[in-house]
Amino acid sequence: MFGSYRDTGLGAGHCFDRYSRNSPYGYEEDVDGSPQRSAPSKVDWEKVDWGSLQEECFIRNQDRYEQRPNSPPTSVFHYPKHQDMDELNDTMIHQQKLSQKNKSYFDWQMGSSGQSHKRGAVLLRSYDTKEYTPDTLYHIRSMITELSLHSGGEYEVFLLVQVRDLEMQILFDPLVYREALDRFVPREFHNITLLFNVPLLEAWYRKAGKHDPNNSQQVHMTQPLQLFSLIRPDFDLYWQFELDVRYTGHHYHHLEAVRSWAEKQPRRLQWERASYFYMPFIHRTWANFCKMVQEATNSSGIWGALPTTGITAIGPEPPTQRPEDDDFEWGVGEQADMINVMPIVDPVKTRMMFRNWIDNYPDGLDTPRRSAPVTPMIAMSKRLLRAMHHSQVSLGTQMMPEMFPESTALQHGMKAVAFPEPVYLDVDKPIEEIERIYNAQNNASVWNGGSPHANLAKGITYWWSANFKPEYSNVLYRRWLGLNKVRTHRLL
């Protein structure tokens with residue numbers, strides 16, 4: 001219904017069944033083979049050390065990459081020191097600055113020889129009481145193998161775990177840190193895990209809202225990634241996934257298609273294109289879709305940063321005074337600073353419940369902002385994360401995580417892209433009506449909730465809600481696994 005394989009370069013011709021997808025990672029290890037397929041090899045997963053495997057893979061291929069600023073790299077968060085606060089401005093990555101702490105955006109883009117391959121970090125979000133079901137274990141193992149080991153270290157996978165038991169002083173005592181790993185994380189993932197807690201976030205971001213152990217994971221979702229970009233500056237793009245997201249294709253091919261497609265997109269009308277669902281049955285081709293957006297906006301649109309009081313934009317200046325004078329060339333070949341796989345809209349024009357949650361921005365409700373409906377999968381550049389970190393430490397700025405990265409990119413004039421991920425919808429409505437509901441620019445839009453489309457999200461294959469899980473995607477995935485519709489045990 002939404003998005004496209006053809007227009008994005010995703011491999012629609014590759015198909016995994018549950019055996020070819022999961023057998024290398026422990027699926028049905030204890031089941032004998034059949035004439036149709038051999039039994040998978042058995043692995044003692046307790047003896048696997050995914051952290052060491054990823055590091056060894058990187059070392060074997062390190063000539064492909066820029067030298068790491070910190071070697072060996074740290075894998076533990078720390079509380080802020082006076083030096084961290086004194087050097088806050090040095091963490092910002094300015095387009096034209098050639099020398100600054102932890103490698104600048106310019107240095108990283110060029111590399112010492114101009115040929116260095118960029119690396120990406122993939123952070124999987126978890127928490128201390130998370131149950132690592134067999135399906136979750138297959139999923140994590142497949143992401144490490146296909147993203148990191150398959151690519152020779154182009155990606156590195158981490159587990160980002162919130163410890164909500166505040167009696168455990170994880171960052172003051174190494175023995176307590178080790179105890180928390182033993183209690184909360186399977187042994188095979190110990191060396192890819194970073195633990196954090198609410199006191200850590202409070203210490204770094206004293207001005208940025210309240211930190212509640214029960215909801216900090218949702219409200220302050222980007223803060224651990226912001227801190228991660230400080231201690232691991234050797235990555236160019238930082239991907240965040242919720243652990244209940246599933247992709248049944250090859251993970252490396254997926255992320256590389258997303259990243260490379262985003263890199264090819266021009267900046268002109270980037271925010272306007274991002275605000276619509278691309279629907280091939282309606283728009284036919286991506287070129288037709290882009291033409292439709294151009295006509296709807298009279299060829300103008302946002303051009304450069306939308307400034308707001310208290311924040312100095314660090315993104316590049318547009319090459320022309322007017323967007324009409326650029327032939328969709330600016331930004332082509334430039335890495336995106338933010339990639340979402342859902343549209344990015346102006347929340348002021350919607351009834352999104354958090355649209356006016358804007359803390360410590362001097363312009364208040366006049367602050368320019370954008371929002372995505374859900375963010376279980378999102379990519380942010382080091383430049384964007386550092387800008388978010390700076391504004392939260394210095395000003396205490398705060399928005400919901402569905403708005404904060406998008407709005408920061410908007411205010412700084414960064415490149416933001418909504419990737420048209422293929423998403424299916426199981427609903428008995430004409431396609432034209434669905435298009436009117438999802439792309440309408442008035443109170444009939446899906447962004448405004450309510451009848452007649454309150455239940456549409458239950459039939460979609462990529463969504464998140466605090467009130468329900470999409471029924472269609474759950475049923476579809478269980479059937480793909482060979483399970484019946486009735487839920488007999490926890491899966492994700």
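The model is predicted, so local features need pLDDT of at least 70 and side-chain atom pairs pLDDT 80 or more, while totals for chains, interfaces and linings use all residues. Residues are numbered from 1 along each chain as its sequence is written, and side-chain values use heavy atoms, without hydrogens or water.

**Overview.** The structure holds 4 cavities of 30 Å³ or more. A cavity is a set of points, on a 1 Å grid over the protein atoms alone, where a 1.4 Å probe fits but cannot get out; its lining residues have an atom within 4 Å of a point. Volume is the space filled by probe spheres set on the points, joined across faces, edges and corners.

**First stop.** Select Arg 273, Tyr 276, Ala 418, Phe 419 and Pro 420, the closest to the centre of the largest cavity among its 21 lining residues. Helices (H or I, at least four residues) and strands (E, at least two) are DSSP runs numbered from the N terminus. The lining of the largest cavity comprises 16 nonpolar, 3 polar and 2 charged residues. Nonpolar covers Ala, Val, Leu, Ile, Met, Phe, Trp, Tyr, Cys and Pro; charged covers Asp, Glu, Lys and Arg; the others, Gly among them, are polar.

**Second stop.** Select its lining residues, including Arg 21, Asp 135, His 139, Arg 246, Tyr 477 and Trp 480. Helix 1 (18-22), helix 5 (134-149) and helix 17 (471-480) each give two or more residues; helix 5 gives the most, with 4 residues. This lining divides into 4 nonpolar, 5 polar and 3 charged residues.

Definitions and conventions
On a 1 Å grid over the protein atoms alone, a cavity is a set of points where a 1.4 Å probe fits but cannot get out, and a pocket is an open set with protein on both sides within 12 Å along at least five of seven lines; lining residues have an atom within 4 Å of a point.
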